[in-house]
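Look at the sequence and the model below, and keep both in view while reading.

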Amino acid sequence: MLKYDIEEVFKKTESAGVCWNKKMISRAAITALLENIPIPNQQQLIVVELGGEETTLFWNALNKQQILSLDIYRFEHDYTLFNHLHLRIEDEQAKIIKQTLRQISNEQWEELFADPLSAADLWGDIGTIVSNKRSSDYTIQNAFYAEAHMLEFPENSIDILIIDGPHGNGRSLCFPIFYRSIKEDCLVLMDDFDHYPFLHDLNRLFEFEILRQSKDEVTNWILLRIKARREVLSD
């Protein structure tokens with residue numbers, strides 16, 4: 001993508017009220033992602049965004065300006081933020097999906113990673129639903145979006161995966177749950193990538209290359225490209 005297009009979108013989204021803050025993935029990370037999308041690109045890209053504060057408003061602006069054609073799926077378990085985004089986005093190509101959280105045991109975690117071909121089918125039948133009060137706990141373990149499996153993305157359909165939620169180590173559960181749907185050239189942008197062994201977990205199921213990363217006092221993100229699924233055995 002041409003740099004001046006990116007800067008113009010930033011200006012327009014900021015003038016429309018998008019406030020970039022420390023809770024959001026940095027502008028540099030978003031810029032790096034966009035610079036790795038080939039232009040011209042006429043196809044509609046499926047973007048799955050896990051958390052991310054108000055960044056969905058930015059992706060929606062890309063659609064409105066016809067810079068890219070994006071089919072956006074935003075997962076959000078914070079009901080206040082969900083309502084805020086839902087009121088501000090009217091574009092049918094941007095879907096804000098209200099979620100609860102499901103928490104599983106370490107043994108169930110291993111079952112999903114051992115058999116990612118069946119992980120999406122298994123997800124809805126294991127673990128327990130997390131209460132609204134506990135879902136905001138920054139240290140919660142083994143928790144992911146409870147209804148994630150219900151979207152049933154087609155195989156090899158996810159072009160861009162942005163990982164900025166939920167809290168804790170459970171973000172890694174998107175790898176087995178979306179195993180079938182993640183394309184082999186999918187771009188993955190991950191915030192706070194070294195807070196938990198996310199890259200180790202990703203490496204269990206996918207081969208990938210690191211395109212860019214930043215870690216300092218302000219930013220902590222990494223941009224990857226999926227190269228191939230690792231072969232797994234399934235009964």
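**Strands, core and rings**

Strand E10 (residues 220–229) and E8 are antiparallel partners, joined by five bridges. The model is a predicted one. Strands of a sheet pair through backbone hydrogen bonds, and the pairing is either parallel or antiparallel. Eight of the 10 residues of E8 are buried, so the rest of the structure largely encloses this strand.

A separate topic is the open sheet of three strands, with the order E5-E4-E6 and antiparallel pairing. E5 (128–129) and E6 are at the edges and have a single partner strand each, so one side of each has no neighbour in the sheet. Three bridges hold strand E4 (residues 101–103) and E6 in antiparallel pairing. Among the residues involved, Gln103 has Ala143 of E6 as its bridge partner.

Next comes the interior. In soluble globular proteins, nonpolar side chains tend to be buried together. The largest nonpolar core here has 42 residues, and Leu50, Phe144, Leu161 and Phe178 have the most contacts inside it. The element that gives the most to this core is E8, with four residues. Leu50 shows what such contacts look like: beyond the residues up to four places away in sequence, its contacts include Phe75, Phe144, Leu161, Ile163, Cys174 and Phe178.

Ile158 is a residue of strand E7. Is Ile158 buried or exposed? Its relative accessibility is 0%, so Ile158 counts as buried. Leaving aside neighbours within four places in sequence, Ile158 is in contact with Ile46, Val48, Phe153, Phe178, Ser181, Ile182, Lys183 and Cys186. Ile158 and Thr56 are 102 residues apart in sequence, while their C-alpha atoms are 16 Å apart in space.

A pair of aromatic rings is described by the distance of the centres and the angle of the planes. The structure holds 12 aromatic pairs. One of them is formed by Tyr73 and Phe153, which are edge-to-face, with 5.0 Å from centre to centre and 90° between the planes. This pair links distant parts of the chain, 80 residues apart: Tyr73 is in strand E2 (residues 70–76), and Phe153 is in the loop between strand E6 (143–145) and strand E7 (158–164). Tyr73 and Phe153 are both buried. Tyr179 and Phe206 form another pair, this one tilted, with 5.4 Å between centres and 50° between the planes. Tyr179 is in the loop between helix H7 (174–177) and strand E8 (182–191), and Phe206 is in strand E9 (residues 206–215), so the pair ties together parts 27 residues apart in sequence. Both of these residues, Tyr179 and Phe206, are buried.

Tyr73 and Phe153 also belong to one aromatic cluster with Phe75, Trp123, Phe144, Tyr145 and Phe178. Charged side chains meet rings as well. The charged end of Lys95 sits over the ring of Tyr73, 4.8 Å from the ring centre. Arg27 lies over the face of Phe10, at 4.1 Å from the centre of that ring.

Some residues in loops remain. Ser135 is in the loop between E5 and E6, and it is buried, with a relative accessible area of 9%. A polar atom of the Ser135 side chain lies 2.7 Å from the backbone oxygen of Asn132. Ser135 also touches His77, Leu101, Val130 and His167, not counting residues up to four places away in sequence.

Asn142 lies in that loop between E5 and E6 too. What is the phi of Asn142 near? Its phi is near 60°, a positive value in a residue other than glycine. Asn142 is buried, at 6% relative accessible area. Asp192, in the loop between E8 and helix H8 (198–205), is likewise not a glycine and has a positive phi of about 50°. Asp192 is partly exposed, with a relative accessible area of 23%. Finally, the peptide bond from Gly165 to Pro166 is cis, with omega near -5°, and Pro166 is placed in the loop between E7 and H7.

Note on methods. Residues are numbered from 1 along each chain as its sequence is written. This is a predicted model: local features need pLDDT of at least 70, side-chain atom pairs count only at pLDDT 80 or more; totals for chains, interfaces and linings use all residues. Side-chain values use heavy atoms; hydrogens and water are left out. Rings of Phe, Tyr and Trp (its six-membered ring) pair if their centres lie within 6.5 Å; planes under 30 degrees apart count as stacked, over 60 as edge-to-face and the rest as tilted. Helices (H or I, at least four residues) and strands (E, at least two) are DSSP runs, numbered from the N terminus. Buried means under 20% relative accessible area, exposed over 50%, partly exposed in between (1.4 Å probe, protein chains only). A charge sits over a ring if NZ of Lys or CZ of Arg is within 6 Å of the ring centre and within 35 degrees of the ring normal. Two strands pair if DSSP finds at least two bridges between them. A polar contact is a pair of N or O atoms within 3.5 Å; within protein, one must be able to donate a hydrogen and the other to accept it, and residues adjacent in sequence count only if both atoms are side-chain atoms. Contact means heavy atoms within 4.5 Å. A nonpolar core is a set of buried Ala, Val, Leu, Ile, Met, Phe, Trp, Tyr and Cys residues joined through side-chain atoms within 4.5 Å.
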